[in-house]
Amino acid sequence: MIGGAAILVTGGTGLIGRHLLPVLADAGADVFAVVRPGREPLVEANARPLVWDLAEASPVSRLPSRLDGVVHLAAPRNRWAARGASLASHIRISVDAAARVFDAAQSRGVSKAVYVSTIAVAGPHDGRSTRPVAVPSHPYAMTKRWGEELAIALRGRLRGVTIVRPGPVYGPGQSPFGLLARFAARLKRREPIAIAAPHGRLVSPVFVGDVVDVIVASLAQPTNVTMSIGGPRAYRELQLVEDLAEWLALPARIRVDTGERPSRFDIDNGDADRLFPRRQRTSWPEGLRLTWRRH
Ligand SMILES: NC(=O)c1ccc[n+]([C@@H]2O[C@H](COP(=O)([O-])OP(=O)(O)OC[C@H]3O[C@@H](n4cnc5c(N)ncnc54)[C@H](OP(=O)(O)O)[C@@H]3O)[C@@H](O)[C@H]2O)c1
C-alpha cells in the first residue's frame with residue numbers, strides 16, 4: 001500500500017523524479033524530495049523538499065524520523081560526458097551517496113526500496129544471450145553497478161528492494177543530456193548525427209510514465225528483483241532519428257561512422273511484464289507525440 005506511506009525520493013527534480021512525485025502524492029503517499037540547496041522551488045506542493053546536496057555527508061534539513069519507503073534516483077546530470085566523467089565524481093554520487101541514502105532510510109524503518117540503475121550496467125549483448133559482449137567501463141555504468149551491489153546488500157533486511165534498469169528514458173521535462181534529447185537538439189541545430197554503420201545501435205527507448213508506473217508498482221508490491229525496462233519495441237538509432245526528424249519537420253543529417261560497430265542494448269521486458277502485467281506501455285510513436293511539440 002502506498003496511501004499514507006512516507007516515501008523519500010532523491011533526484012525528484014530530474015526527469016523521472018518530476019513525474020514520480022505527483023503520482024506518489026496522488027496515491028496518498030507523504031512524499032519527501034531530497035534536493036540540492038536552492039532547488040526547493042522546483043518541488044511542487046505535493047511533496048516536501050529536504051535540502052541535501054548528496055555530494056555532502058549529511059543533509060541540511062532534518063530527515064523525517066520514520067520512513068516507509070525510499071526511491072533513489074539521483075545521478076550526475078551530464079553522466080555520459082566524455083570529459084569531466086571522472087570516476088571519483090561518479091563514485092561520490094552513485095556509490096557513496098547511495099550508501100548514505102540507504103543507511104538513512106534503513107535507520108528510519110524503511111521496509112521497501114527502489115534503486116533506479118541503468119541498462120548500461122548490463123553492457124551490450126549480441127542477441128543470442130543477455131551476457132555482455134563488452135564489460136561496461138564508463139564511470140557512469142561502473143558506478144551504477146556498484147550502486148546495485150549496495151541495493152542488493154539491503155535485501156534480507158527490508159521487505160523488498162527492487163532494482164530497475166531502464167533503457168534511454170524520454171518524456172516532457174527531459175534534460176538536454178538524454179539520448180533522444182541530444183538527437184532532437186542536433187536536428188534543431190541542423191547538425192549531423194553520428195551513428196555506427198549501418199543503422200546505429202539497437203536500443204529500447206522508454207517513456208518516462210512507463211518507468212514511473214513500474215516504480216510505483218514496485219513500492220506497492222515490494223519484491224527483491226532486478227528488472228530491465230524498455231519501451232514495447234526496440235529500434236535502431238537511425239529509425240529514431242528519422243522518426244524525430246519527420247515529426248519535427250526537420251532534415252535528418254546522418255553521419256555514418258564506419259569505425260564503430262553497432263551494439264545491441266535492446267531490452268527484454270519479461271520480468272516487468274510478469275510482475276506487473278497491467279503496467280503502462282507507451283509506444284515510441286505515442287511517446288514521441290507526448291514529448292516533442294511540433295512547431
Ligand atoms: N534519463 C535516462 O535516460 C535514464 C536511463 C537509464 C537510467 N536512468 C537513471 O534514472 C535515474 C534518474 O534519471 P533522470 O534522467 O530522471 O535524472 P536527471 O534528469 O538527469 O536528474 C538527475 C537528478 O539527480 C539530482 N542530483 C544530481 N546530483 C545531485 C546531488 N549532488 N545532490 C542531490 N541531488 C543530485 C539532480 O538534481 P538537480 O536538479 O539539482 O540537478 C536531479 O534531480 C538516474 O539514477 C539515472 O542513472 C536514467
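Start with helix H6, residues 237–248. It has 12 residues. At 1.5 Å a residue, H6 should span 16 Å. Its end C-alpha atoms lie 16 Å apart, so expectation and model agree. The model, note, is predicted.

Now look at how H6 sits in the chain. Its buried residues are Glu237, Leu238, Leu240, Val241 and Leu244. Here, buried means that 20 or more other C-beta atoms lie within 10 Å of the residue's own. Look down the axis of H6. The buried residues fall within an arc of 165°, so they line one face of the helix.

What covers these residues? After H6 comes alanine 249. The phi of alanine 249 is positive, near 55°.

Next, step back to the whole protein chain. It has 8 helices and 13 strands. Its radius of gyration is 19 Å, close to the 19 Å that the globule rule gives for 295 residues, so the chain is as compact as a globular protein of that length. Along the principal axes, the C-alpha atoms fill a box of roughly 55 × 40 × 40 Å.

How much of the protein chain counts as buried? The share is 43% of the 295 residues. Finally, consider contacts in the chain between residues at least 6 apart in sequence. Of these, 76% join residues at least 24 apart.

Conventions: Residues are numbered from 1 along each chain as its sequence is written. This is a predicted model: local features need pLDDT of at least 70, side-chain atom pairs count only at pLDDT 80 or more; totals for chains, interfaces and linings use all residues. Helices (H or I, at least four residues) and strands (E, at least two) are DSSP runs, numbered from the N terminus. The radius of gyration is taken over C-alpha atoms; the globule rule is 2.2 Å times the number of residues to the power 0.38. A residue is buried if 20 or more other C-beta atoms lie within 10 Å of its own, exposed if 12 or fewer, and partly exposed in between; C-beta atoms are placed from the backbone. Two residues are in contact if their C-beta atoms, placed from the backbone, lie within 7 Å. The expected span of a helix is 1.5 Å times one less than its number of residues. The arc is that of the directions from the helix axis to the C-beta atoms.
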